[in-house]
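Hello,

Here is the structure I promised to pass on to you. Please open it alongside this email and follow along as you read.

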Amino acid sequence: MSTAAAPVRTLRTGTVLADLLPASRVRDVALVVGGAALTGLAAQLSVPVPGSPVPVSGQTFAALLVGTALGARRGFLSLALYAVVGMAGVPWFAQGSSGYAMPSFGYILGMLLAATVVGALARRGADRSVLRTAGTMVLGSAIIYAVGVPYLALATGMSLGQAVAAGLTPFLIGDALKAALAMGALPAAWKLVGRKG
């Protein structure tokens, strides 16, 4: 009597975590709306930074996870929905703010771009190992800052150096912690679904 091992599910590159759910238009709409809502909820985890108009919040972490888990297209749509609804007046940006006339709005635009890029990388397997996930999160964070910091400088009249000091430097430790969380969570999720198959 032989006991065969349970088959291991093959998870091909080109698949993101959201693709493991049964495909339908309803699924895609629910994922996009859910990703926007998750980002809005995470933004409420917000702490002011003395001397900076930009608070520490959970929205950047949520935006990168949404992009990675949903893929580029759904990640973009989810963050676009988050941005448009917030600009329309729903107070779900960091610290319960809304609108586009705030100095930190550039970070939201950066999140939209970052979610798209990390989603595209996730389709190439960039979220399946600890090191690749770390690189993906660092790149996503860099994109957010590449848009957010110059926007902050323009919106406030700060020099670029002042904007870096107020809108980048105070957030590096928190970003390292967020990347560490993603480095553990995303590859673990792939291992788990691989075993369940």
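Let me begin with the aromatic rings. There are five aromatic pairs, where a pair means that the ring centres of Phe, Tyr or Trp (for Trp, its six-membered ring) lie within 6.5 Å; planes under 30 degrees apart count as stacked, over 60 as edge-to-face and the rest as tilted. One of them joins Tyr 82 and Trp 92, with 5.3 Å from centre to centre and 45° between the planes, so this pair is tilted. Tyr 82 sits in helix H3 (residues 72-87), while Trp 92 is in the loop between H3 and helix H4 (105-123), ten residues apart. Helices here are DSSP runs of H or I with at least four residues, strands are runs of E with at least two, and both are numbered from the N terminus.

Are these two residues buried or exposed? Tyr 82 is buried, with a relative accessible area of 0%, and Trp 92 also counts as buried, at 17%. The cut-offs are under 20% relative accessible area for buried, over 50% for exposed, and partly exposed in between, using a 1.4 Å probe and protein chains only. Ring pairs also bring Tyr 82, Trp 92, Phe 93, Phe 105 and Tyr 151 together in a cluster.

Before going further, a word on where this comes from. This is a predicted model, in which local features need pLDDT of at least 70 and side-chain atom pairs count only at pLDDT 80 or more, while totals for chains, interfaces and linings use all residues. Residues are numbered from 1 along each chain as its sequence is written, and side-chain values use heavy atoms, with hydrogens and water left out.

Another ring to look at is Trp 190. Arg 128 lies over its face, 3.9 Å from the ring centre; a charge sits over a ring if NZ of Lys or CZ of Arg is within 6 Å of the ring centre and within 35 degrees of the ring normal.

Now for the charged side chains. How many salt bridges are there? The count is six, taking a salt bridge as a side-chain nitrogen of Lys or Arg within 4 Å of a carboxyl oxygen of Asp or Glu. Asp 19 and Arg 74 form one of them, at 2.7 Å from N to O. This pair links distant parts of the chain, with Asp 19 in the segment before helix H1 (25-43) and Arg 74 in helix H3, 55 residues apart. Asp 19 is partly exposed at 24% relative accessibility, whereas Arg 74 is buried at 3%.

Asp 19 has a salt bridge with Arg 123 too, where the closest N and O atoms are 2.5 Å apart. Arg 123 counts as partly exposed, at 28% relative accessibility. Arg 74 in turn meets Asp 28 in a salt bridge of 3.0 Å, N to O. Asp 28 is in helix H1, 46 residues from Arg 74, and both residues are buried. Through shared partners, salt bridges join Asp 19, Arg 27, Asp 28, Arg 73, Arg 74 and Arg 123 into one network.

Next, please find helix H5 (residues 130-156). With 27 residues at 1.5 Å a residue, H5 should span 39 Å, and its end C-alpha atoms are 38 Å apart, which agrees; the expected span is 1.5 Å times one less than the number of residues. After H5 comes Gly 157, whose phi is positive, near 80°. Val 149 lies in H5 and is buried, at 5% relative accessibility. Leaving out residues up to four places away in sequence, Val 149 touches Tyr 107, Leu 160, Ala 163, Val 164, Gly 167 and Leu 168, where contact means heavy atoms within 4.5 Å.

Finally, step back to the whole protein. The protein has seven helices and two strands, in the order α-β-β-α-α-α-α-α-α along the sequence. Buried residues make up 44% of its 197 residues. Among contacts between residues at least 6 apart in sequence, 69% join residues at least 24 apart. The C-alpha trace spans about 75 × 35 × 25 Å along its principal axes.

Enjoy exploring!
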